[in-house]
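Dear colleague,

Please find below the structure that I am handing over to you, together with its sequence. My notes on what was found in it follow directly after.

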Amino acid sequence: MTIAVTAFKAVPDFAKGHVKDLRVRWALEEAGLSYDARLIDGADQASDRYRRWQPFGQVPAYRDGEVELFESGAIVLHIAQRSDALMPREAAARARVTAWVIAALNSIEPYVSNVIDLDLFHDGEPWVEGRRPSAMAMLRTRLDALAAWLGEKDYLEDRFTAGDLIMTTVLRDLRERDVMSAFPSLDAYRRRCEARPAFGRALDAQLQDFEDDEAA
Ligand SMILES: N[C@@H](CCC(=O)N[C@@H](CS)C(=O)NCC(=O)O)C(=O)O
């Protein structure tokens, strides 16, 4: 059975290249697995049929011959468990990949999202001025710790894994915001991971689907 991944037909420009199906597309590209992108719109999101696949109506959802899944982290871990390209074979090393996937989603992403939320969705609202300094301070604390862990290493562990894949997608959501200039090693890490050919193919595929929809 061909692997299916859901993605949006259309999004605002600021979201292009940042929609979370990118994580799954990237993992599949690293693993050398082909897939069909199932493009959905608002009506699909709200439908009972789609909610049975993705309870929150979000993208991505994923299906292969074995499982039906939602949550990008769970999907990427599922793919990683089947691919040496994303996870080593040794049990202790595999457990650490899981830890880094969860760290990216649970210990870094909420603080990135707080700042993105203020800048993209509440820009100019009067309360933002009071909230932004503490959101930035918390984000910087987490990025400091991440940079300290990374040190001189190329990757979070001793090779590229699904943990780096998810962490990169979290960090790139900061886009070129000033905060990243204070963390040159993290910025270089993000760029190193984004330079992987599999990332390029995944990004191109997401952007191409939006272009095709606009041309239709
Ligand atoms: N925790 C979910 C989050 C998925 C998510 O936020 N998807 C966004 C697109 S990047 C979405 O579908 N937004 C529309 C909505 O929430 O209704 C995951 O990682 O899969």
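Twelve residues of domain 1 touch 13 residues of domain 2, where contact is counted when the C-beta atoms of two residues, placed from the backbone, lie within 7 Å. On the domain 1 side, H1, helix H4 (72-80) and H10 each contribute at least two residues. That side consists of nine nonpolar, two polar and one charged residues. In this classing, Ala, Val, Leu, Ile, Met, Phe, Trp, Tyr, Cys and Pro are nonpolar, Asp, Glu, Lys and Arg are charged, and the others, Gly among them, are polar. Domain 1 covers 3-85 + 198-215 and domain 2 covers 91-196, with bounds from an automatic or database domain assignment. Their centres, taken over C-alpha atoms, are separated by 21 Å.

Please note that this is a predicted model, in which local features need pLDDT of at least 70 and side-chain atom pairs count only at pLDDT 80 or more, while totals for chains, interfaces and linings use all residues. Residues are numbered from 1 along each chain as its sequence is written.

**The chain as a whole**

The protein chain has ten helices and four strands; these are DSSP runs numbered from the N terminus, with helices being H or I of at least four residues and strands being E of at least two. Along the sequence, the pattern reads β-α-β-α-α-β-β-α-α-α-α-α-α-α. The radius of gyration of the protein chain is 17 Å, which agrees with the value near 17 Å for a compact globule of 216 residues. That radius is taken over C-alpha atoms, and the globule rule is 2.2 Å times the number of residues to the power 0.38. The C-alpha atoms fill a box of roughly 50 × 45 × 30 Å along the principal axes.

**The sheet and its helices**

Four strands form an open sheet in the order S2-S1-S3-S4, with mixed pairing; two strands pair if DSSP finds at least two bridges between them. Strand S2 (35-40) and strand S4 (68-70) are the edge strands, each pairing on one side only. On average, neighbouring strands of this sheet are turned by 20° against each other, direction ignored. Strand S1 (residues 3-8) and strand S3 (residues 61-63) run antiparallel and are joined by two bridges, and Val5 stands opposite Tyr62 in S3.

Helix H1 (residues 21-31) lies across S1, S2 and S3 and runs at about 150° to S1. Helix H10 (residues 197-215) lies across S1 and S2, at about 45° to S2. Axes are lines fitted to C-alpha atoms, for helices over the stretch in contact, and angles run from 0 to 180 degrees between N-to-C directions.

**The ligand shell**

Which residues are around the ligand? They are Val19, Lys20, Gln45, Gly57, Gln58, Val59, Pro60, Glu71, Ser72 and Gly73, each with its C-beta atom, placed from the backbone, within 6 Å of the ligand. By class, this shell has three nonpolar, five polar and two charged residues.

Two backbone details deserve mention. Most residues other than glycine have a negative phi, and most peptide bonds are trans. The peptide bond from Val59 to Pro60, however, is cis, with omega near 5°; Pro60 is in the loop between helix H3 (48-53) and S3. Glu71, in the loop between S4 and H4, has a positive phi, near 75°.

With kind regards
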